[in-house]
Amino acid sequence: HSGIWRFTPEKTQVERETAQALTGSFSEYAQLSEEERRQKVWELQNIIDTKHQPDGKRAELLSEQGLVLAAGQDWLEALRCFEEASNFRENNTNNQIIRGALLGTLGRYEEAIAALDAALAIKPDQYEALHNKGFALGAIGRYEEAIAACDAAIKLNDKDVSSWYNKACAYALSSQPGPAITELRKAIELSGTDEYIEMAKTDSDFDNIRNNDRFQRLISPTHQ
């Protein structure tokens, strides 16, 4: 008798454990206690260290471990995980964007910009990368480039309130009150809340224009 045998073998235990470990999200991890996050990191490390773990899955597990650590604001360890993941899976845009965000959070802005540029070189329409790049450029005084990055992010997602706000900050830092107030008003209108009014009241980025009457009227509606 001749014929074609077709069958799908059961997943190995390693494959099952890996699949189960990759089901979380940043918001879920943020709700865990510190002890629960520590336990999750330990569980992931055990699976990462499994002898026959393929490199692609090892990279995914390291990224997952980085998410858990970032949710607990352990920025340095989270960064280590994403950088190690890059060794197993190069040219991954999501990893580069998260690396950029972590480097920016740590104040390593030049490195953040390099990571975000690497992501944008692969996929230029990544609005999160453009948003984060705008923030990093503004933080090191490259205001024109920051505004351009914010504009590119807004072109891809004009409902991204924080890009409008970051653009307002860049204009204010470069002592351009007119555009700064226009962009801040847009952020306030889009948010539909007082969140960005309250932020602008104490944000030192607006110190250059703080005494401007139009700015005061915008953040203090009762101001005359």
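What share of the contacts with a separation of 6 or more in the protein comes from residues 24 or more positions apart? In this predicted model, such residues account for 49% of those contacts.

**View 1. The whole chain is built from helices, with 13 helices and 0 strands.** Followed along the sequence, the pattern reads α-α-α-α-α-α-α-α-α-α-α-α-α. The protein has 224 residues, of which 39% count as buried, and it exposes about 12,900 Å², with carbon and sulfur atoms supplying 49% of that area.

**View 2. The largest nonpolar core contains 28 residues.** Within this core, the residues that touch the most other members are Tyr165, Leu184, Ala200, Phe206, Ile209 and Phe215. At least two core residues are supplied by each of helix H8 (127-139), helix H9 (143-156), helix H10 (161-173), helix H11 (177-191), helix H12 (195-202) and helix H13 (213-219), and H10 gives the largest share, 8 residues. In soluble globular proteins, nonpolar side chains tend to be buried together.

**View 3. The surroundings of Ile209, one of the core residues that touch the most other members.** When neighbours within four places in sequence are set aside, Ile209 is in contact with Ala172, Pro177, Ala180, Ile181 and Phe215. Of these partners, Phe215 is itself listed among the core residues touching the most other members.

Methods. Residues numbered from 1 in each chain as written. Predicted model: local features only at pLDDT ≥ 70, side-chain atom pairs only at ≥ 80, totals over all residues. Heavy atoms only, no water. Helix = DSSP H or I, 4+ residues; strand = E, 2+ residues; numbered from the N terminus. Buried < 20%, exposed > 50% of the residue type's maximum accessible area, 1.4 Å probe, protein only. Contact = heavy atoms within 4.5 Å. Areas by Shrake-Rupley, 256 points an atom, 1.4 Å probe, with all protein chains shown as cover. Core = buried A, V, L, I, M, F, W, Y, C linked by side-chain atoms within 4.5 Å.
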